[in-house]
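Please find below my note on the structure under review.

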Amino acid sequence: MAESVVGFLINQLSALLSQETKLLGGLRPDVQFIKDELGSMKAFLRQAEAKEDNDSQLQEWVKQVREVAYDTVDVLDDFAFRFARGHADGFIGRVGKIYNSIMNLKARHQISLEIKDIKARVVEISARHQRYQSLYGTQEIGSSSSNVANADYDIRDQALLIEEAKLVGIDQPKKELISEVLDDNSHLKVVSVVGMGGLGKTTLVKKVYDDAVVKKQFQSHAWITVSQNFQFNVIIKDLIQQLYEEIRQPVPPQVESMNRVRLSQFVRDFLKERRYILVLDDVWSLDAWEAIKYVLPDYNIASCVVLTTRITDVASASCLASHDFIHKMSPLSYEDSWTLFCNRTFQSNGCPSNLEEVCRKILKKCEGLPLGIVVMGGVLALKEKDKIDDWEMILRGFGSEVDGSGKLDRIKRILLLSYNDLPHHLKNCLLYLSIYPEDHSIDVAKLLEKWIALGFIEKEEGVIASDIAMRYLKELVNRSLIQVKDTRVDGKLVKCGLHDILREIIVSKSKEQCFTAIITGYCTRWPDKVRHLAIHNFTGNPPQGFSSLKCLRSVETFGNKDSLTTSFLSKFLCGGPKFLKVLNLASAELDSIPKEVFKLFHLEYLDLSGTRLKVIPKSIGLLQNLESLNLGETTVTELPVEILKLRKLRALRVGRVGDYSNNYALWGFKSPDGIGKLTSLESLSGIEADSGKIVREIGKLVQLRELSITKLRREDGKEIGKLVQLRELSITKLRREDGKELVYSLSRLTNLRGLHIGSIKEEETLDLQHSVSPRLGFLIRLSLNGHLERVPEWVISLQSLGTLALHNSELS
């Protein structure tokens, strides 16, 4: 975690040094020094964090690095809060900067002292860093012999545990894999087995590899554990050793001194006339696969490579030929999970009736993960069957069992291999998911906006942040760390989630690093120092004068409908988290926004959806860093002109619904004149276009990708055609006579992926059949709500269309 915090900080320092040269003044040399020193430590941090559990001194050093990085981030945010806010344009802006500089001389002096104090701490930490470098070196995690041993031990331990339990549900996939391995072809075949850690990939492949029919089919056999510590020469020498042991001959002595090229040729010469099967267990990178693939001969002899990996891209890249095969491991079915659980816990004697309810609840937390079931079964097998309280204690303390102090520590080690392999920016993204309750279905669009607001997304020139954030999410899915819960027909991710055991591990990791804290039930002790706070089903009182909350960067609320009142939030925010960037108050019992919210200068994400809000005050204009504002499912009908001050706003959603059973009860909000000034908008939902002036303003929002609009008039339809970046367009309350102009506008929106058009009332006809045919080559979803005389002919030309929904069409 220290590595991810330092990586995040270095990015912030780089931006500060490049953009705020004049504002930094005499602080610049110290800031540059801090950045350089932490940068030199960053390469060592990954290895240090992997070793810290076994070294108390190293653990303390990592903690100090993490704390100084956090404190530096706080000072930077305080710097921005005091010196970089509230600046207008032009002459007024320049005068404002001068005035602020004069008024903040004392504050600048205070921040200067804090920067110098941090510099002194960094100097001391750096000296210890030099000592540790001489002991451990500077190589990345997985490069040392101890890490190699630990990784290999974990993988083999995993296979052994599941083997001992006589894993159920394996017969069918084993049969399928054997069929693929024995498939007679004249070229090298690759079979990849992919899935998250603990699913039993190694066990399944071992059963296939050891099968008598498979053994008989091949002349040479070898099993190589690749792991994260991939070292080419070591791997190839291990392969040669196995091949020569099989033919009962000593390895030629010259092999030991061979370089990479000669080793490769030696293996190719040995295998070129043999039919061989090679298992590459636990492959973590495409580079590792490509390096080994180069060594393997692919002549007219049918051979096979079986590869296991947690990473989907590795499986896909290794199986590019038409005869190759990918097997995706799935969790065990509930029936097989119960059988495995009873076999392990009760030695196949069946579950006693008095324990069945608690056992099934424990099993649910394992979510079909064989390793989790086996290890948990081993823990419970030692409990006395008549002491149900002991069993219920295991259920209640499930989280503590995976925090490093319980019997499930071995599962943690295995699953943490995937976490440790992540680059620092993905670690932050994954750890943030610990705020969500168990079994929570996470809204992907909202999650990505939070990642962006919190600075987890590293900027790339020419690429918008939301696209980078989606790439991050897909990479975590690719690494079998995030589960896909729901997708649209075009494959776009809608909902995601975490496996329960992995969630417990992430919660434990986040808590350990003071990254997140979860408040539940009636809580009297609030966290001392934490970056991200989640409030689950809270029934207590807010902290008062709780200065440690000043470190907070996000507050998330779940299941607190009755307790999160305006009064509660006012007390909570009063004098507290001034650096807050994300505030999620969805479905809170609010009829007004607490005035303390408008003092949150750094706030970038504000979710007030599902509340009882009716009016948005003029104070909203104070939140000049706000990028995402969600007012969906409220009774807000109009936005104040001050909303136009939010020039960084990327997403504005105001969805009001009258009767959920009636699509025609949807209506939008009234926007102030000049909404075209919000040129950063990428998503605009629920705007009422009842005047040509508003529609012309919308036409200026050239960054828009998603637009939901009501009451579009015929003469205004052409303005929509200017939004060439649009991917999602929803138009409701369309009149028949306005259809022609809309069709002309659609012909210019060549990037559309989703389109919804609804008539203004149930009996109104949608007139969308005209001489112009929109060329919507990327359109995947089309929904038409209203009477149709016929389906428009241009629909037939939509080659990418995956879903066509016709509601109330009255077509026979």
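Predicted model: local features only at pLDDT ≥ 70, side-chain atom pairs only at ≥ 80, totals over all residues.

1. Strand β22 covers residues 781–785, and five of its five residues are buried, so the strand is largely enclosed by the rest of the structure. R781, S783 and N785 point one way from β22, while L782 and L784 point the other way. In a regular strand, side chains alternate between the two faces of the sheet.

2. Strand β22 has parallel partners in β21 (residues 754–759), joined to it by five bridges, and in β23 (residues 803–807), also joined by five bridges. H756 stands opposite S783 of β22, and T803 in β23 is the bridge partner of R781.

3. The whole structure contains 37 salt bridges. One of them pairs D211 with K174, with the closest N and O atoms 3.8 Å apart. D211 lies in the loop between α9 and α10, whereas K174 belongs to helix α8, 37 residues apart. D211 counts as buried because its relative accessibility is 18%, under the 20% cut-off; K174, at 23%, counts as partly exposed.

4. E256 and K237 also meet in a salt bridge, at 3.5 Å from N to O. E256 sits in the loop between α11 and α12, and K237 in helix α11, 19 residues apart. E256 is exposed, with a relative accessible area of 59%, while K237 is partly exposed at 24%.

5. E475 forms a salt bridge with R479, the closest N and O atoms being 2.8 Å apart.

Key: Residues numbered from 1 in each chain as written. Heavy atoms only, no water. Buried < 20%, exposed > 50% of the residue type's maximum accessible area, 1.4 Å probe, protein only. Helix = DSSP H or I, 4+ residues; strand = E, 2+ residues; numbered from the N terminus. Pairing = 2+ DSSP bridges. Salt bridge = Lys/Arg side-chain N within 4 Å of Asp/Glu carboxyl O.
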